[in-house]
Amino acid sequence: MAEAALRFRNDDPVEEPAVTLDAFLEQAGASAVRIEAGDDPRRLIPQLGRVKLVEVGFPRFRDGRGFSTARVLREAGYDGEIRAEGDILVDLIFFMRRCGFDSFAPQAPLNRADVDAALSRYEYVYQHAADGAVPIWKLRHG
Amino acid sequence: MYQYDRYDQAMVDARVEDFRDQTRRRIAGELTEDQFKPLRLKNGLYLQLHAYMLRVAIPYGTFNSRQMRKLADIARKYDRGYGHFTTRQNIQYNWIKLEEAPDLLAELATVEMHAIQTSGESIRNISADQYAGAAADEICDPRPWAELLRQATTFHPEFSYLPRKFKIAVISSKEDRAALRWHDCALRIVRNEAGEEGFEVYAGGGMGRTPFIAYQIRDFLPSGQIFSYLQAILRVWNMHARRDNIHKQRMKILVHDLGEEEFRRQVEEQFAHFLTLGTDFPQAEYDRIAAYFAPPPFESGLSDDIDLSDPDFALWVDRQVIAHKTPGYAIANISLKPVGGIPGDISAEQMDLVADLAERYSFDEIRATHAQNLVLPHVRKADLYTVWQALDAAGLADANLDLVTDIIACPGLDYCSLANARSIPIAQKIAERFADATRQRDIGELKIKISGCINACGHHHAGQIGILGVDRKGTENYQLLLGGSGAEDTSQAKITGPGFDEEGIVDAVERTIERYRELRTDGERFLDTYRRVGMDPFKEAIYG
């Protein structure tokens with residue numbers, strides 16, 4: 001399991017290795033699961049109660065399936081850690097945070113100053129997502 | 001038309017700085033070209049054969065004189081004095097330097113313009129009926145919905161790294177002037193029996209190497225739920241589309257592979273879920289946006305008479321002027337298809353002239369059309385002659401709307417790194433062959449569309465006569481297609497047979513048209529004749 005180089009949570013990281021989705025669904029004691037691009041995250045929803053860490057694989061940064069994976073889990077009420085692992089560029093981090101990712105294990109190290117700049121560049125957002133940011137339409141109408 | 005508030009402006013300004021930083025990191029070598037490419041494409045910057053090309057968004061094809069003058073300034077300052085209107089109602093510049101692109105974008109932002117999501121695997125600039133707000137046949141102005149969806153789909157965090165591009169169009173009339181069903185998601189505003197406004201929704205259309213006409217997946221969607229429904233469509237596609245073959249990742253392939261019924265079932269399932277999340281924009285936000293699209297202060301009691309004593313003006317009125325919903329006003333189409341010119345090209349000086357005319361005679365509104373022409377949507381009939389004289393003096397008064405010389409063509413191998421063949425010279429040669437105005441009028445409506453490769457940016461699948469340039473053993477070869485339509489009678493053109501060289505394709509087009517003239521009955525368009533008699537009589541004329 002990849003260690004998170006960037007983490008936006010206050011609780012202790014889960015030490016248990018993440019197993020495949022198929023393995024997780026069979027192992028009643030497991031609490032960390034890895035979801036690959038192409039896995040259907042909805043299969044995990046009935047078991048969310050015992051999940052402490054979801055690691056979502058990004059095989060190529062252009063493959064955006066993992067964005068939906070995080071949204072689906074957050075919309076199902078999951079509030080544990082969702083870690084993005086793989087080919088993660090600084091330009092993805094803002095969208096990933098909005099989709100509910102709260103830790104990152106990029107293959108190549110990210111420049112922390114670039115990350116901070118990316119996360120503070122956009123003061124407003126146009127739509128609801130998993131991050132609780134208030135959309136512009138709501139700011140307009142109070 | 002819509003005006004930015006401080007939030008809209010902040011979003012566009014932030015994207016300029018975002019792109020400036022991405023460009024800096026690329027030039028410093030911190031980003032590889034493979035990493036930079038999707039990032040710059042999401043901001044409309046392509047690398048073509050000779051230089052970078054920047055595609056600037058014109059949301060739903062509506063813009064004003066201040067914006068047009070800025071586009072002219074940019075053409076002079078950053079390009080070679082001209083711009084090129086595209087089949088998505090956008091404008092692109094072909095001679096851009098990477099290091100200057102951030103400054104260009106900063107200038108655009110001063111007039112509420114940008115290049116956000118005009119390319120790449122993103123939700124593209126939304127297109128709409130170019131006569132919106134003016135057409136006599138519309139239910140309502142579709143642009144408030146297009147603007148609402150522009151905002152809803154801008155920097156959407158879940159759908160910014162989609163499998164491929166995603167194109168949306170919105171209209172609100174029976175007549176389709178926006179090639180609706182050739183889009184990934186097509187929306188037509190309708191009213192149900194209770195008089196409520198909603199959308200007919202079509203999904204899975206697209207051109208490219210595997211063309212599909214969009215299926216109707218909803219006959220009535222309450223309008224206030226459109227963002228939920230759109231997100232449902234996008235999530236089904238984003239989660240299930242292939243990622244292993246770029247040519248099979250458009251949504252049309254998924255819809256086709258799953259089948260219309262199963263795709264619809266999955267969308268409806270996700271839609272029910274999205275409705276529980278409360279992400280739809282409220283009525284108050286729609287109302288706020290719609291207020292910007294209130295009709296301009298039209299004068300009442302104006303005469304509908306037009307003095308047609310100047311015969312050249314009369315011909316232009318007959319071809320270029322369309323009925324307006326308000327008495328005394330007209331919709332004036334401006335041709336960007338002079339014989340021998342490059343379809344969609346316009347010089348900076350011509351842009352300034354159109355801006356002046358819009359400001360003085362069209363309530364400061366200009367429209368770009370998917371057929372690569374411009375429109376002054378609200379001209380008093382009494383002003384048409386003055387407008388025509390000014391256009392004529394600037395070389396913008398061709399009277400060829402929807403005629404054989406009103407050709408859609410992609411940039412082709414003259415500019416594009418994807419192209420296999422040139423498109424522009426073929427368009428020019430066909431236009432020159434049929435330059436005679438009387439002959440054009442005699443032939444009547446005939447929409448020719450030319451693409452320089454199978455990506456179909458020139459809409460050849462939707463051409464009444466389509467031309468597709470291919471590479472055949474190192475030489476350019478042109479295939480001829482017949483019977484396509486991008487209108488409400490949408491159909492896909494079919495290939496006639498073996499292709500032609502550059503001269504041969506022009507001859508083949510002429511033989512096709514001459515056969516049509518022999519076969520047509522009174523009032524029958526080329527497309528009607530083709531549909532009545534089929535391909536064979538044309539094949540016989542073409543291949544003998």
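**Close-up views of a predicted two-chain model**

**Figure 1. Ala84 of chain A stands opposite A:Phe104 in β6(A).** The model is predicted; local features need pLDDT of at least 70, side-chain atom pairs count only at pLDDT 80 or more, and totals for chains, interfaces and linings use all residues. Residues are numbered from 1 along each chain as its sequence is written, while chains are lettered from A and ligands numbered from 1 in the order in which they are written. Strand β5 (residues 81-86) of chain A pairs with strand β6 (residues 103-106) of chain A in the parallel sense, over 4 bridges. Helices (H or I, at least four residues) and strands (E, at least two) are DSSP runs, numbered from the N terminus, and two strands pair if DSSP finds at least two bridges between them. An open sheet of 6 strands in chain A has the order β1-β6-β5-β4-β3-β2, and its pairing is mixed. At its edges are β1 (6-7) and β2 (19-20) of chain A, each of which pairs on one side only.

**Figure 2. Chain A meets chain B through 28 residues of chain A and 33 residues of chain B.** Residues are in contact if their C-beta atoms, placed from the backbone, lie within 7 Å. On the side of chain A that touches chain B, at least two residues come from each of the helices α2 (65-75), α3 (90-99) and α5 (136-141) of chain A. This side of chain A consists of 13 nonpolar, 5 polar and 10 charged residues. Nonpolar means Ala, Val, Leu, Ile, Met, Phe, Trp, Tyr, Cys and Pro; charged means Asp, Glu, Lys and Arg; the others, Gly among them, are polar.

**Figure 3. In chain B, 5 strands form an open sheet with antiparallel pairing.** The order of the strands in chain B is β1-β2-β5-β4-β13. The edge strands β1 (45-47) and β13 (345-347) of chain B each pair on one side only. On average, and with direction ignored, neighbouring strands of this sheet are turned by 30° against each other. Angles run from 0 to 180 degrees between N-to-C directions, and axes are lines fitted to C-alpha atoms, for helices over the stretch in contact. Helix α3 (residues 65-78) of chain B packs on the sheet, where this helix touches β4 and β5 (91-96) of chain B. The direction of helix α3 of chain B makes about 15° with that of β5(B).

**Figure 4. Strand β4 (residues 82-85) of chain B is joined to β13(B) by 3 bridges.** The strands β4(B) and β13(B) run antiparallel. B:Gly83 stands opposite B:Ile346 in β13(B), and B:Tyr82 stands opposite B:Ser347 in β13(B). Strand β4(B) also pairs with β5(B) in the antiparallel sense, over 2 bridges. In this pairing B:Phe85 stands opposite B:Ile91 in β5(B). A hairpin is formed by β4(B) and β5(B), with 5 residues between them. In the turn of the hairpin, B:Gln89 has a positive phi of about 65°.

**Figure 5. Helices α6 (residues 226-240) and α8 (residues 260-275) of chain B pack with their axes 8 Å apart.** The angle between α6(B) and α8(B) is about 130°, and they are therefore oblique to each other. Angles under 35 degrees count as roughly parallel, over 145 as roughly antiparallel, 65 to 115 as roughly perpendicular and the rest as oblique. Residues of α6(B) in this contact include B:Ser228, B:Tyr229, B:Ile233 and B:Arg235, and those of α8(B) include B:Gln266, B:Phe271 and B:Leu275. The contact of α6(B) with α8(B) is made by 8 nonpolar, 4 polar and 1 charged residues.

**Figure 6. Helices α5 (residues 143-153) and α9 (residues 283-292) of chain B pack at an angle of about 120°.** Their axes lie 9 Å apart, and α5(B) and α9(B) are therefore oblique to each other. From α5(B), B:Pro144, B:Glu147 and B:Leu148 meet B:Glu285, B:Tyr286, B:Ile289 and B:Ala290 in α9(B). The residues of this contact are 5 nonpolar, no polar and 2 charged.

**Figure 7. Domain 3 of chain B touches domain 4 of chain B, with 6 residues of domain 3 in contact with 8 residues of domain 4.** The domain assignment of chain B includes domain 3 (311-393) and domain 4 (408-543); such bounds come from an automatic or database domain assignment. The C-alpha centres of domain 3 and domain 4 of chain B lie 26 Å apart. The side of domain 3 of chain B that touches domain 4 of chain B has 4 nonpolar, 2 polar and no charged residues.

Technical notes:
Two residues are in contact if their C-beta atoms, placed from the backbone, lie within 7 Å.
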